[in-house]
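Trainee: Could we go through how the chains meet in this model?
Mentor: Gladly, let's have a look together.

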Amino acid sequence: MQIAHDILLRSYRSMRTIRDFEERLHVEFATGDIPGFVHLYCGEEASAVGVCAHLSNTDTIASTHRGHGHCIAKGVGVDGMMAEIYGRKTGVCHGKGGSMHIADLSLGMLGANGIVGGGPPLICGAALSHKVLKDGGVAVAFYGDGASNEGTTLESLNLAMVWQLPAVFVCEDNGYGEATGASYACAGTQKARAAGFGMPYFDCDGTDFFAVHEAAGQAIAHARAGHGPVMLHVHLARWYGHFEGDAMTYRANGEAARERAEHDCLQNFRKHVTETSLLDLSALDDIDTSVKDEIEAAVKAAKNAPLPEPADLQADVYVSY
Amino acid sequence: MTDLITPITMPKFGLAMTEGKITSWNIPSGAHVEAGQEIADIETTKITNGYESPASGTLRRRIATEGETLPVGALLGVLAEPAVSDADIDAFIAKFQADFSSGSTADTQADHAEPIMVSVGDLTLRVQEAGQGDATPVLFIHGFGGDLGNWMLNQNALSTDRRTITFDLPGHGGSSKNVGDGTPAGFAATTAALLDKLAITSVHVVAHSLGGAIALDLARTCPQKVASLSLIAPAGLGQGINMDFIEGFISADRRKTLEPVLNYLVHDKTLISRQMVEDIIRFKRLDGAIQGLQTIAKACFPHGRQAEDLRPVLVSFSGPAQIIWGEADEVLSPDDAKNLPDTIPVTLLPLTGHMPQLEKAADVNAALIKFVK
Amino acid sequence: MSKKSFRQAINEALRQEMQRDPRVILMGEDIAGGQGGSAGIVDAWGGVLGVTKGLYTEFGPERVFDTPISEASYIGAAVGAAATGLRPVAELMFVDFVGSCLDQIMNQAAKFRYMFGGKARTPLVIRAMYGAGFNAAAQHSQALYPLFTHIPGLKVVVPSSPYEAKGLLIEAIRDDDPVIFLENKVMYDDEEEVPDEPYSIPFGEANLTREGDDVTIVAFGRMVNFANEAADRLEKDGISCTVIDPRTTSPLDSATILECVEDTGRLVIVDESSPRCNMATDVAALVAEQAFDALKAPIRQVVPPHTPVPFATVLEKLYLPDAARIESAVRSVMAYKKTKQDA
C-alpha cells in the first residue's frame, strides 16, 4: 500500500513524540516529581501510530493503563498530557485522572484505563453508537496479552460478533502481563481465540510501522465496511518495566536492551524510508528537533502550571446532582 | 314509617369521587337540623367540604364515626322525627345496609363516566360530560392553571335537566400541552371548535377567572353560541392581577413552595388539601405543562398587568350576563366588577376567595341554576 | 390517566422516551427474547417478567438489543455507548448479577466524568430487579441499593409505586449521569393511576406520603407501602406519622429528612437491604450528627437480619420488614422515656 507523504511525516512525528515523551517521563519519574505510577509505551510506538493512521476524530479508541502512546497517536496534545501526569490544573483532565486516565472524548479517545480488560466492553458500546448513529465510524480496543485473558475481553469478542459491530480488537502482545510471561498465562493462541468466535484475524510485526499500517488498514476496512469485528494481533516488546521502578528481574539479562537495539520502530522507519527513497532523512531530523523542543516545553510548562484548587475536589462528580 | 325517615348518605363531590372520609360531625346526635344546614365535614382526596342536610328533622343516629372512610352512597346517619320509634329506625338501617352491600342502592347514574378525549384540530381535549335533557346545555371554562375538576361541586348541580360540559383548556389537565399563542382569543377559538365538534349550537357559559376572558372572547367572536354568561371572578374587566400567584404557580415545584401560592385562591386556607397540592405538582411535571403556563402568562399578563380589556364586550353582550365574585379574592379584585350596567347583576360573596365555586358551592350553584332556568 | 401496573408504567416510560429521542436504545438479556430460537418468534418474552414486552416489535432490532448472557460485555457496552452519543437503558435482570459487571459500573461509568476532568457525559440507565418476597433465595433477592449509593458518580433510584416509577424512569433516561434504577420485583403488579402523558419527577426530592406530628418514618422502595400501612393503623390510635419516601438514595434529600425529624423528634427507618452500612445506618448517622438535639427517643431501624435472603417462605417472611414491625418500632419510640434527665 502506498502511504501518502503527509501521513508518513505525521506518523513519524507521532512515533517520535511518543518515544521522547516516554523517555522523558522515565527520567523525570526517577527525580520523584511525578506522583503516582506510570506505565511506559517505549518500543510499542508503531502499533498505536500504525493503527491510528487509519482513524479520524469520528472513530473511537479505548486504551489501557499503558496509554500515553495511544493518546498521542489519536491526537491528544502533549502539553495537556504532561500537565496531567504532573497532577496540574492545566492537565487534560484537570489533574484528576493522572497517567492512567487520560481521555479526550472530542477526539474519540475514550480514555486510558486503569482496569485490565476495561476497554473492550466499552469499545463494543462505542461501536454500537457508530452503528446506530450511522456515522461511519469504527471503534478500536487496544488491549494487552494480559487483558486477553480477562472475561471482559472474551465476552466482548463474542458480543461484537453477535451484534456484528464495527469493532477492531487490537491485541498488543508484548509478551508480559505485569511480571508474568504470556507463554505461561495465555493458553492456546490469539489466532485460535479469534477463530473460536468466527472472527477474522490479522497479525503483524509491531516494531515495523509499515507492517502495522498494512495489517491495520485491512482490519479496519473490514470493520468499517460493515462486515463485523476483527482481531489485529500486534507482536511487540516493551522496553521498560510494567511500571516505572520495576527492576524487571523476571526478564533475562539483555532482553530489553536487545529489543531496543534490534527492533526499534523509529530506526526501522528511518531505514525503510531511505531505502525506498520515500522521505529525506533531513525532514525526519527536523521533526526530531521540533519534538525535542515540544517535550522540553511541555515539561517546563507542566512543572510551572498551577495545582488544582480545593474547590476542584468536589467538582465534576456529576453533570448535575 | 320509612317515608318519615331520611337517610344521610356519603355525597358525591365531583364525578371522580368514589369514597369520602367523615372528618367531623357538626351536629350532636338527637339535635334538630334544618334542611341545608351543614351537618358534617366530608373529606375527599380532592377537597374537604361541608355536607348540607338534605331535609329537616332530628339527627337520630350517627352511623359513621369521625375519621371513617366510606364509599359514595354509604349510610352516614339517619334523620327522622321524634315520633319514629327506635325499632323502626333500626329496621330501616338494617334494610339500608343489606341493600347497600348487595348493590341495589348503588349509584347507577351515568355520571361515573370517565372523561373522554376529543380531537379538536391538532389538539386533544379532555372533556367531561354529564346530564341530559332538552334545556340549553351549560359549558364550564376554568381559569389559569385549573382543570375540569374545578367544577366538581357544580357540574352535577346543573346536570339535572340538561347536558353539561366541563373540559381542560389546552395546556391544562389531561389536554394537549400546546397552548398556541396563549391568548384568551386563541382559547376562545378552540372552545368554539369544541362546541362544533360536540354538535352544540348554543350554551350557557359559566367561566372562572382567565376562563372569564375566554368566555368574553367567545361572546365577541361567536355571539350566537353564547346563550348567557356567568362570570366568576373573571379576568378581562380590569388591569390588576396578583403576579405572585401567577409566577409562584409556575415556578413552585414542591409542596412546601406551592401551598402558600395556592393559599391565594381561597379565603378558608384549610380548603387547600394535600391532594390538591399534589395534583397540581403532578400536572406541572407533565412534559410541556410549565412551558404552556409560561406562554399563557406572557400573553395574558405581560408586565404584570392584564393585556386585554374585554369590558366593552361584556357591556355590549346582548344576552343575559351575571358576575359572581368573592369579596376576599386575592388574585383578581372584585372592584373590577364596579361600574357595569345595572342589567348585569353582581353577586359578591363575603369571606370568599378567588374560587367561589369551590368555597361557596351552594351559593354559586343557586345563582347559576336561577340564571340558566 | 388510567390505572397502570408498575410493570406497565415502566414499559410506558421506556416507550415514550424511545419515541421522543432516537438516541434511546435498550439492551439486556431476553428483553425481547426468542432470537435464534427454533420457533422464529422474537419478542417472545419481553423481559424475564415481561416489562419490556412489545418494545422490540415497535422499535425493531436497531433500537432493542437482546444480549448474550454476558453481563460484563453488555453493561460495559452500554457504558461505552453512553459515552459516545447514545442514551442506553440496559437491563441487568436481577441486581444480584452485578457481581458479573461491577467493574463496568463502579470503575467505568461512575468514574468517567470526574476522572476525565468533567469532560465526559455518561447518560446511562441500568434497570434491575431487586428485593425479597419471591422465594428467589440468596442470589436473586438482594436489595443492593446501598452498594451503588456508596459509589460517587452514580445516581440511585428506588421507586415506590407505579406513578413514581414512570416519572423517575423518564427523569433517569433524560439525566446525563449514570443512573441505577431498581425495581422491586414483588411490585410489578401493583396498580395505581398513572398519567398517559410523559412526565418526570426530579431526583433528590423526597416525597412525603403521610404528614404527621409524632414520628418520622423514612422508608425506601417497597417499604414505603409498608410504612404507609403502619402509619394508617397508628393514626387510628392517635399516633400521627410522617412517611418519607426519599425516591433516590443518591442524591439523598437529607434536608427534608432533617426538617421532618426536627418537627417530630422521633425517627424510624425502614430499609430492606442488609443492615450493615445500608441506607438505615446512613440516615441514622445523618440525623444523629445533624439533628441530635431534636431527638426525643433513640432512632429505630427496621431492617432484615445480617444474613443472606433465605428461600423457605417461613424464613423469608421473618427476614423482611413489614407493617407490623414498623408499627411496633413506632410504638416503641413513642413509649420511650428518658431515664436520665439532662442536668
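Trainee: How many residues of chain C are in contact with chain B?
Mentor: This is a predicted model, where local features need pLDDT of at least 70, side-chain atom pairs count only at pLDDT 80 or more, and totals for chains, interfaces and linings use all residues. Residues are numbered from 1 along each chain as its sequence is written, while chains are lettered from A and ligands numbered from 1 in the order in which they are written. A contact needs C-beta atoms, placed from the backbone, within 7 Å. On that basis, five residues of chain B are touched, and the number on chain C is nine.

Trainee: Which helix gives the largest share of the side of chain C that touches chain A?
Mentor: On that side, 37 residues of chain C meet 38 residues of chain A. Helices are DSSP runs (H or I, at least four residues), numbered from the N terminus; α3 (71-83), α4 (102-109) and α5 (112-115) of chain C each supply at least two residues. The largest share, 10 residues, comes from α3(C).

Terms used:
Contact = placed C-beta atoms within 7 Å.
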